[in-house]
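Open your viewer, load the model and keep the selection tool at hand. We will go from the whole chain to single residues, one stop at a time.

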Amino acid sequence: MLGVQLPLGLINIAGHATPSKELHWLLSVFAGIIMCKISKSILSSEAIIVKTFLLATFGWTLDEFPISAISPLFFTGYVKLDDQKKLEWNNRGFSSFHALVVAAASLYLLLESDLFRDGAQDELMINRTSASSDTILGISTGYFLADLAMIFYYFPALGGMEYVLHHGLSMFAIVQSLLSGQAQIYIFMVLFTESTTPFVNLRWYLDVADQKNSKLYVYNGVALFLGWLIKKVYPLGFYSLLTVPPILALLNIVWFWKIAKGLIKTLRKARHSQ
């Protein structure tokens with residue numbers, strides 16, 4: 001099998017890479033890119049977006065959620081958006097899809113599988129890998145590549161330099177862990193924090209749909225605040241053990257501060273409107 005030669009000798013780190021693994025990694029990256037394309041096409045339908053977010057974020061279905069609230073919020077609102085807003089709407093769709101996939105996979109690998117279970121293997125925890133873990137890291141790399149390409153192509157419509165920094169550092173850390181077969185447990189701990197991304201995107205959807213005074217906007221804001229507080233700010237002391245995560249943690253502090261201010265503003269408006 002033909003091995004893919006990567007620059008800087010990265011494929012020789014710890015003697016981990018083999019031709020079969022190289023092919024596996026590349027296929028996983030391509031799968032992540034294709035996943036973005038497919039999910040973007042599917043999620044451009046506002047009906048699917050509604051079902052995905054209500055079911056995944058709140059456990060609601062369209063039958064359980066009042067149709068009178070759904071119709072003006074998503075169905076009629078989407079068709080009235082300008083092209084730039086529709087672009088970001090769809091982009092946030094596959095952002096949420098990726099977040100749900102990697103968060104669920106990370107939770108499974110960290111807690112349910114035997115990969116990182118104490119005493120399950122003779123190898124040190126930091127050196128443990130599997131075909132499943134490599135696949136998830138490859139898919140995530142493909143997502144970041146695709147999303148970063150869109151950010152550059154439409155810059156700055158889909159995000160500024162903070163998104164470029166976030167995606168670049170994320171890819172650097174994931175690829176290094178994938179190629180070396182080391183520190184995957186830490187990478188999955190960080191990837192699990194992507195579980196708050198659907199709340200961030202839902203907040204944007206509600207804002208664009210002019211539903212900032214709705215109860216759903218308030219509930220989502222509280223959930224978003226608590227999620228970032230628990231999953232991203234609290235583990236900062238642990239992240240300081242590594243090189244890249246502390247920089248990502250600083251970005252998390254900045255974004256958390258913005259979320260906190262937004263929550264306070266939302267709660268004040270909700271109180272005054274009563």
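The tour below begins with the overall fold and then moves to individual selections.

**Before you click**

This is a predicted model, so local features are described only at pLDDT of at least 70 and side-chain atom pairs only at pLDDT 80 or more, while totals for chains, interfaces and linings use all residues. Residues are numbered from 1 along each chain as its sequence is written, and side-chain values use heavy atoms, with hydrogens and water left out.

**Stop 1: the whole chain**

Show the chain as a cartoon, and you will find 11 helices and 0 strands. Helices (H or I, at least four residues) and strands (E, at least two) are DSSP runs, numbered from the N terminus. Of the 274 residues, 45% count as buried; buried means under 20% relative accessible area, exposed over 50%, and partly exposed in between (1.4 Å probe, protein chains only).

Among contacts with a separation of 6 or more, 70% are between residues 24 or more positions apart. Contact here means heavy atoms within 4.5 Å.

**Stop 2: spans from the UniProt record**

The unreviewed UniProt entry lists several stretches under "transmembrane region", including 94–111 and 214–230. Its positions are given in the numbering used here, feature names are shortened, and annotations may be inferred rather than shown by experiment. Select residues 94–111: the span is 100% helix and 0% strand, with its end C-alpha atoms 25 Å apart. Now try 214–230, which is 94% helix and 0% strand, and whose end C-alpha atoms also lie 25 Å apart.

**Stop 3: the largest nonpolar core**

Which members touch the most others in the largest nonpolar core? Select F116, L137, I174, I187, F188 and L191, which hold that place among its 29 residues. Helices α1 (19–43), α4 (83–112), α5 (131–153), α6 (161–180) and α7 (184–192) each supply at least two residues of this core. The largest share, 8 residues, comes from α5. A nonpolar core is a set of buried Ala, Val, Leu, Ile, Met, Phe, Trp, Tyr and Cys residues joined through side-chain atoms within 4.5 Å.

Centre on I187 and display its neighbours: leaving aside residues up to four places away in sequence, I187 touches L137, A173, I174 and S177. A second, separate core of 9 residues includes L224, L251, W255 and F256.

Stay with F256, which lies in helix α11 (residues 244–273) and counts as buried at 15% relative accessibility.

**Stop 4**

Select H166 in helix α6. Is H166 buried or exposed? H166 is buried, with a relative accessible area of 14%. Its side chain makes a polar contact with the side chain of H167 at 3.2 Å. A polar contact is a pair of N or O atoms within 3.5 Å; within protein, one must be able to donate a hydrogen and the other to accept it, and residues adjacent in sequence count only if both atoms are side-chain atoms. Beyond residues up to four places away in sequence, H166 touches F144, E194, L248, L251 and W255.

Next, go to S96 in helix α4. S96 is buried at 3% relative accessible area, and its side chain makes a polar contact with that of N201 (2.7 Å).

**Stop 5: aromatic rings**

The structure holds 10 aromatic pairs. For Y153 and Y154, the ring centres are 4.8 Å apart and the planes at 80°, so the pair is edge-to-face. Rings of Phe, Tyr and Trp (its six-membered ring) pair if their centres lie within 6.5 Å; planes under 30 degrees apart count as stacked, over 60 as edge-to-face and the rest as tilted. Y153 is exposed at 67% relative accessible area, whereas Y154 is partly exposed at 34%. For another view, select W89, W204 and Y205, which form one aromatic cluster.

**Stop 6: backbone details**

Most residues other than glycine have a negative phi, and most peptide bonds are trans. Select F155 and P156: a cis peptide bond joins them, with omega about 0°. P156 sits in the loop between α5 and α6.

Then find A183 in the loop between α6 and α7; A183 has a positive phi of about 65° although it is not a glycine. Finish at D210, in the loop between α8 (197–208) and α9 (215–233), where phi is near 60°. A183 counts as buried at 19% relative accessibility, whereas D210 counts as exposed at 64%.
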